[in-house]
Each structure stands twice: as C-alpha cells, then as structure tokens.
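Me: I would like to learn how to read a few features of a model. Please take them one at a time.

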Amino acid sequence: MQWVKVLGGLVGASALLGLGIILGHFAIPKGADAPAPSVSVSQDLDLEILETVMKQLDASKIRENLRELSREPHLASSPRDEALAQLLLQRWRDPESGLDAAEAPTYEVLLSFPSREQPNRVAVVGPTGTILFSCRQSEQNLTGEQGGPDVVPPYAAYAPPGTPQAVNAAKHGVAGVLVYTDPADINDGHSSASQTFPNSWRLPPSGVERGSYYEYFGDPLTPYLPANPSSFRLNPDTVSGFPPIPTQPIGFEDAKILLCNLQGTSAPAAWQGALGCDYKLGPGFRADGDFPADSQVNVSVHNRLELRNSSNVLGIIRGAVEPDRYVLYGNHRDSWVHGAVDPSSGTAVLLELSRVLGTLLKKGTWRPRRSIVFASWGAEEFGLIGSTEFTEEFFSKLRERTVAYINVDISVFANATLRAQGTPPVQSVIFSAAKQIPAPGLDGLSIYDNWIQYFNRSSTEYGLVPSLGSLGAGSDYAPFIHFLGISSMDIAYTYDRSKTSARIYPTYHTAFDTFGYVDKFVDPGFSSHQAVARTAGSVLLRLSDSLFLPLNVSDYGETLRNFLQAAQRDLGVLLEQHSISLGPLVTAVEKFEGAAAALGQHVSALQKDTPDPLQVRMLNDQLMLLERTFLNPRAFPEERYYSHVLWAPRTGSVATFPGLANACSRAMNTSLGSAAWAEVQRQLSILVVALEGAAATLRPVADL
C-alpha cells in the first residue's frame, strides 16, 4: 500500500481524478579550560564512567523535557521555535551541567507557509456555483490543543498557489492534487472516532499529515552554498524541485466523501484502502451519489514563499587528547505542530544526555578523548535545511575531522524494540552498546537480545544478527552520509511490525502529536526513551573515548559481496550480451576484503601492545576516512547532493550498487552500443575506482 494516498490529479471533466568559527575556535583547548597536562595520550574508554552515565540517564527528566518542548507548536522560524533555541543555549551554558561552549548560528532560508488571510480550501461545487461540500480547513479540536492560533493549518509546503476547477485531465493534464493518509496505511484499517485518538493511538478521521513537497534538501535558493547574507541566491520563480501544480492534504473523513462518490473504473488493487468503498478513478461523480453528476471539485491553494531566519544550536565539549576530531550527535528542533514524537522525543533525549555529560564535565571527573558536538538543527521539516546548511558552510573542516554522526530524530515511535539504521562500519559499535543495556520491561534480556527477535538477518560472518537498516534521506543524517561521506547512524525505538502494518506512528505530522499522546499511548513511563538515551549515549562515548575507533571496516565487505552477487545473478547475462564484464568489479571487491581483513589484524595486534600515539592516529584516520572514499561528486549529476556510490537512490529493481542498477534499468530496452549502455560501462568503472580507492585507504599508510 502506498504510504500516502493520492486522490488524483484534481478534477477531471467535472470531478476529482483518481561551525568554521565555532568548531575551529572552541575545539582547541584554551586557557583555564584546557585539559590538565597529566591527561594521557593513551586515554581510552572508561567503563566506570560509561556505567555512571547509563545509571544517571533519568526517564522522568526526559519526560519533563518532552512536556516543555511540546507545550506549544514550534514551526520552523516561529517565535516558539526560536524560544526553544534559547532554551537549549541556556541548558548548554548552565554553570553546573553545561558544556564548554554553545552558539546559535542563523541562516536566511526560503520557507513556505499557508496564507492566514486566504486559507487553503477544497470544496465540491454544484452546477450553479453553490458549495455543496467543504473539506475541513483544520483538524477537530479533541483535546483543546488542536485549535490554537499557532497551530498551522494543514498544507503542502512549497506547493504553488492556484485554484484549479473543472479541468479535463485527459485533455489538459493534471491540474491539482489532493493527498490523504488512508486508515489502511496508518490505522490498520480502523477509522471510527471510538477507535482513534483520544481513545487509542490511531489517527482520528480529521487528522491531516502536513509535509514538505520540496524534491531536494537544503535551502532551495542556495544549493551547495550556505544560506548566509553574502551567498548567491537563485530566483525563487525559476528554482527547481517545487511541485508544479497546487497540492493540498485532507483528512480521510473528507477523502471518503470524495472517493466513495466517484464513478469510473476501479483503481488498481494497490491503491485500494479502508474507507469502506471501491476506489474509482473517475472522471465524474456517480449518478446515485451525494452530488449532482456535473458537480466540480475546487481546490484553492494560497501558499506563499518567505525568506526567514532559522537557527541551529551547537553545544561543544572539547576533547582532551584529540580536540580536532569530532563526534557529532544531532536532531532537529522544529515541528509541524506540537511535535511531541517528531522531533521532541529526540530532543528530550538529547537534552538529558547532554545534562549528564555536562554535569560530569563541570565536576572535572570526565572529559572525552575527542570533541563532542551536540546539534539542534533548524527547519528540518522543510527539507533538512539546518543540517544541510551546516555541512555546506563547514564542508572542508567536517570532511577532514568528523569521526561519525549520530542521529536521534524520533527517538520513540513505539515501545517494542530498538531500530537502528547506518552504514556498515557502525554496526559493531551499536551492537556492543545494545548488548550492555537491559531492555525495558524485560527482566534479564538486553536491548540486543530483544532487538534480534524483531529484526534479524543471517550473516555469513556472524550468524544471526539484528538487521541494521540502510540510510535514505528521511532525516538529518542525509547530508552527512550522502554529501560528506561521514559514517552515520539513526537510532530509535519502534513498534512490533507483526502487530501493525502502520508505516509510521499514526499521528505523524498532525496536530494530535502531543505530550499526552506520548505519555498515554506511545511510551507510558518513558522507559523506551531512557533505553534510546542509554543506547545512543553508549555509542557516543565509545566513539568519543575509545583509543581505537570502534568502526569495523570489514563489515563493509559483506555489503559489497551481497551487492556483487546480486549483480552477477540478476544482471550478469544481460551485461555479457553487451560485452560488459563484471570481472574488474569482482577483483575490486576481493581487494577491498583483503585490505579490510589485514587492517583488522593490524588493529588487533596494536590493541595487545602499547602503541605509539602516532600509530593510533594513523590507524584511526584510516577507519574514519574509509567512508569518504566512496564519494564521487560526478557519479550522479542528476542527483543533487548524492555522491556516495553505494547509498545513492536506487530506482532499478536489482538490489545491487545503485549506479549500476539504475543505468541497467534505463538501458534495458535500448540498442547495442547506445549511449545508455555506455553509461552502464561508466557506472561500472566508477564503482571499480571507488572500491580500489577504498582498499588503498585501508592498506598501510606508507603504501601507494
């Protein structure tokens, strides 16, 4: 079932159709704040400190954080959003539990808002122009929190203004789109008021999912440049990536009235849902329905584009030994409405983790080996804007010095099990953390033991292990992995997929995502929030404090081997027919596996000895920089920011290297010797060079 139901391209034939300064300045120890000279260059992870942090992470404090963060709506750039930025600054500058430094750099970015003076509207209009039916312009005020002046009405950000009506789609093309969330996708088919919030965690019939419809990420006017006053800006009238037609989301109670009155052929099975009728494609309304057959659907969209200031908030803990190596931990701050789950559940965890570490720091009992940067990103909901602008502004510094990026956005979707996504080298450190933390509510079971029962895979190297999902572009990790090539991960607690088919928690991006919703239905007692804080906190300390970085590069070998086998199995014959050999790719994968294994042995040998600090530094740089070797900014010229040859978007059906899969898919029906087949050969060469470069990075540093 599609994750969002598209009612159709509006109205056909009289009806609806189916840190430079911050990082560079504050990461270097200065004056009285500098670590004591007695700090050892061999400083390693202190298991007692780790245990102390785990014990001090307090579920009740996370709960109070969430109550405050989600008390009012905080749309990006709104007064409440900026007030929360100040709250973070206050916490991170606290004399008893604060960090070494905190700043809030601001960018001027292009955002999209609905008009208060001319609200967006969807209506059925009769032959004489009489309004026969109007969709809700706001959600039902069920708890007293859905009707306030700061609750932004449902809208599709960046959708252009327009008032399409009575368009013959077959003749003139689609004129507008209505989007709704079907109860089959979010509520397991349940749709009545008695079965939904506030009586359960399911989405009420009036709930509408807001969202950004911008195709790319980052500020739309300054691609590849930070949105600073001096930066060149594109013309808003000609910028690409915005929807070409007016678009408006509606609730499924209104969608039912429109869909169940359509006539025409039945929609494909994959488009059918749980509204209690056979979904038709139109054109036109049923003669025996609620509206005259010649009625029309009118969609009025009055969205406007505005340049707004949006802040990131950065908190710094300087490293004692390697202050020029950064471990980043981030989440966005802005939400569509109250945003208790998205994103405040993650921010509540971030604040508690930084409180515990800040307290140890101020007491003088701990300082990490490497610098830690906590980040609260602005304007994520509009297209990962704050994090992308940060990576653009500090591109060189971050690429040279960042060890890893930890993302905790929605920390708790539900309270069944851990869910982690990331690049292969971070698998081992997440596993190590999860094995040491008790699963909430399950005596004697670790988070790892519980996790493997819900999501698992068979590994040729390790046997049965939890499944580590791959990273797409759904949160602020995207610019770090796709643009900078930094090893990244996303950590959360989620639901039991055997008990629900929901693609995400039901009140996602609606006015019903409130503190009470989390407190009553998502995580009563906040034990899952605490579990995420402990898991992410343990990963953070292991990355920032371990003498040798806990990044297992050999785990990339299994991914490469799986991709290679899929290419051989599903594309090998086709490629041979066009005289394209996978032989060089096979050799490149073997070279990588050999180099990774040799480096692993070198690490083991050094760990048993007393290594020279320079040896440690060189080896850690190899581990840190491996991810960068898979970047090729010219590999996918049609894809903005995507340059990672292993994790770029894959449109081809074969689960293999994305560039190769996509090129083969496009070339499939073209002639021998065509430009499309030349592109297949180019993508294969790009892969081979990347893998050989990765292997070279892992070999002894004196070897070329």
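Me: What should I know about the model before reading it?

Reply: The model is predicted: local features need pLDDT of at least 70 and side-chain atom pairs count only at pLDDT 80 or more, while totals for chains, interfaces and linings use all residues. Residues are numbered from 1 along each chain as its sequence is written, and side-chain values use heavy atoms, with hydrogens and water left out.

Me: What is the strand order in the open sheet of three strands?

Reply: Strands are DSSP runs of E with at least two residues, helices runs of H or I with at least four, both numbered from the N terminus. Two strands pair if DSSP finds at least two bridges between them. Here the order is E5-E4-E10, and the pairing is antiparallel.

Me: Why is one side of strand E5 and of strand E10 left without a neighbour in the sheet?

Reply: E5 (131–134) and E10 (296–300) are at the edges and have a single partner strand each, so one side of each lacks a neighbour in the sheet. Strand E4 (residues 121–125) is joined to E5 by three bridges. Val-124 has Phe-133 in E5 as its bridge partner.

Me: Which residues does UniProt list for "domain: Peptidase M28"?

Reply: UniProt positions are given in the numbering used here, feature names are shortened, and annotations may be inferred rather than shown by experiment. The unreviewed UniProt entry lists residues 312–520. That span is 31% helix and 24% strand, with its end C-alpha atoms 31 Å apart.

Me: Is Leu-614 buried or exposed?

Reply: Buried means under 20% relative accessible area, exposed over 50%, and partly exposed in between (1.4 Å probe, protein chains only). Leu-614 is exposed, at 52%, and is found in helix H18 (residues 613–625).
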